[in-house]
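This report describes the fold of a single protein and the surroundings of one of its residues.

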Amino acid sequence: MWLKAGLLVFRVGSRYSCLEFRLRVIKLYCDTCQKFLVDRLVEGSCPTPCCHYDSAQGDQCEKCGKLLNPTELVNPRCKVCANSPHICDTNHLFLQLPLLEGNVRDYISSMSVARSWSQNAIQATNVWLKEGLTLCSRVNLTRDKKRKQK
Ligand SMILES: [Zn+2]
Ligand SMILES: [Zn+2]
């Protein structure tokens, strides 16, 4: 299973809910740099048929505009050392924001007044809240550290 048992239990309303869960994340790891590569540190060939742009970025192909996941690139390269990274599994800890939506709304209402947020900040936050906090807006609480080559 992708989801593993949650570790942190919070009281939400009258019940207790699990706010944390672990999720298996597939990322690119560079053996030379000894680190997981964030999107901006990867480039390769675009996987889109009829494009195959050779310098597509880890998050998007600038030629055809397709949004990409770095693991979709054909022949990915580390932008730091130019070597080929490999796909690696890693476990990350996520926070389920939908369970905190009421708390987040209350916090933002009070803090935007108390801290004199700019109108732009308030509007942007309200747009974000209006779209709803879904599982897709979960917060990743962890980062991969460098690790030794196997
Ligand atoms: Zn590298
Ligand atoms: Zn492309």
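Which residue in β7 is the bridge partner of glutamate 43? The partner is arginine 77. The model is predicted: local features need pLDDT of at least 70, side-chain atom pairs count only at pLDDT 80 or more, and totals for chains, interfaces and linings use all residues. Residues are numbered from 1 along each chain as its sequence is written.

**Strands and sheet**

The protein has two helices and nine strands, arranged along the sequence as β-β-β-β-β-β-β-β-α-α-β. Helices (H or I, at least four residues) and strands (E, at least two) are DSSP runs, numbered from the N terminus. Three strands form an open sheet in the order β6-β5-β7, with antiparallel pairing. Because β6 and β7 stand at the edges with a single partner strand each, one side of each is left without a neighbour in the sheet. Three bridges join β5 to β7 in the antiparallel sense; two strands pair if DSSP finds at least two bridges between them.

| Strand | Residues |
|---|---|
| β5 | residues 42-45 |
| β6 | residues 56-57 |
| β7 | residues 74-78 |

**Leucine 73**

Leucine 73 lies in the loop between β6 and β7. Leucine 73 is buried because 21 other C-beta atoms lie within 10 Å, the cut-off being 20 or more, with C-beta atoms placed from the backbone. Residues touched by leucine 73, beyond those up to four places away in sequence, include Val42, Gly44, Ala56 and Leu68; contact requires C-beta atoms, placed from the backbone, within 7 Å. Buried residues make up 13% of the 150 residues in the protein.

Technical notes:
Chains are lettered from A and ligands numbered from 1 in the order in which they are written. A residue is buried if 20 or more other C-beta atoms lie within 10 Å of its own, exposed if 12 or fewer, and partly exposed in between; C-beta atoms are placed from the backbone. Two residues are in contact if their C-beta atoms, placed from the backbone, lie within 7 Å.
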